[in-house]
Amino acid sequence: MYRFLLTPRWWGINIFAVLAIPVCLFMGSWQLSRFDDRVDRHHEQQEQSRSAAHAKARPLASLLPVTEDTVGHTAKVTGRFDAEHPLLVPDRTVKGERGFYVLSLLRTDDTEDGKALPVVRGWLPGSPDPARVPAPPKGEVTVRGALQASESQNDAGDRASGALPRNQLGFINASALVNIVPYGVEGAWLTEQRTLKPLKPVPPAAPAGTGLDMKAFQNLGYTAQWFVFAGFVVFMWFRFFRREAEMAKDAALGLLPEGESPQEETGPQEETGPADGDDRADGDDRADGDGRDGEDDPADGVTRAGTPASSPEGAGSRSRSPA
């Protein structure tokens, strides 16, 4: 009954199912592992944010270049602030309140080629106002803060995406800063966790691709999607198998497939019997014309062929001679 499984058609179906199911399960597990990594990284970032103010600082040179593993770690660096190029980063939200970052560039020898390091000294609520910003410390200072990766244009606020006034910056990035200052800038920045009043510390942000954002939950959706695909392949295989097995069983029992009637197997029958005789009789009647069978035509004196000249009784009477 199950010999159909050895046909070329079912070989193709079986090979497809055997290959598709493990692939779907592997892809679903991989997407789930990516979501788990995002969750772990998110918890790690939250823990680093809570302990950033009291965490042990490491030399900046040991954390560069910045990676996903070094982002959020507390670094220390020694140098001098550039007081000639004060910068503000508008449209930044801290704890649900809109304000702006206070950014200063630290000239240091702890970076490659002596590049300046951007340092966010703190945050103030409201619109950017240089008069409200305290001056940076003078002389050589040691700065401690959470290491952050360069921002992109997507990190700029809605109001900071267009042209900005002088000494304002939409996002913290070395490519944007080189057009403002006459020296090189490091591709990372620090956010101080111990600030001078009235500045408030800016909590370190998780790097792109590590937080629980929509992309993380998209990975979770892909996980469910791949597992559904695997279940669909199993379902369709059993459905085809059951249908084929039922058809093989019906064929073994001599049953016709559903929807096929016996008349469809035999074909049309030829018309025979009386109908042909009737047609010939009608043709003979039409050939006679006058409808009189077995009578001589007095006009031509010829007896019609195939018809009796007279009844048997008349023939007998004509053959007798008078006694």
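Predicted model: local features only at pLDDT ≥ 70, side-chain atom pairs only at ≥ 80, totals over all residues.
Local features are given only at pLDDT of at least 70 and side-chain atom pairs only at pLDDT 80 or more, while totals for chains, interfaces and linings use all residues. Residues are numbered from 1 along each chain as its sequence is written, and side-chain values use heavy atoms, with hydrogens and water left out.

Q: What percentage of the residues in the protein chain is buried?
A: A residue is called buried under 20% relative accessible area, exposed over 50% and partly exposed in between, using a 1.4 Å probe and protein chains only. Of the 323 residues in the protein chain, the buried ones make up 32%.

Q: Which residues touch the most other members of the largest nonpolar core?
A: A nonpolar core is a set of buried Ala, Val, Leu, Ile, Met, Phe, Trp, Tyr and Cys residues joined through side-chain atoms within 4.5 Å. The largest one has 21 residues, and the elements that give two or more residues to this core are strand 3 (87-94), strand 4 (97-108), strand 5 (117-125) and helix 2 (174-177). Those that touch the most other members are Y101, L103, V120 and L177.

Q: Which backbone oxygen does the side chain of N173 reach?
A: N173 lies in the loop between strand 6 (140-149) and helix 2, and N173 is buried, with a relative accessible area of 17%. Not counting residues up to four places away in sequence, N173 touches S150 and E151, where contact means heavy atoms within 4.5 Å. At 2.6 Å, the side chain of N173 reaches the backbone oxygen of E151.

Q: What distance does helix 3 reach from its first C-alpha to its last?
A: Helix 3 covers residues 214-252, which is 39 residues, and its buried residues are A216, N219, T223, A230, V233, F241 and A245. The expected span of a helix is 1.5 Å times one less than its number of residues, and for helix 3 this expectation is 57 Å. The reach of helix 3 from first to last C-alpha is close to that value, at 57 Å.

Terms used: Helix = DSSP H or I, 4+ residues; strand = E, 2+ residues; numbered from the N terminus. Polar contact = N/O pair within 3.5 Å; in protein donor to acceptor, adjacent residues only side chain to side chain.
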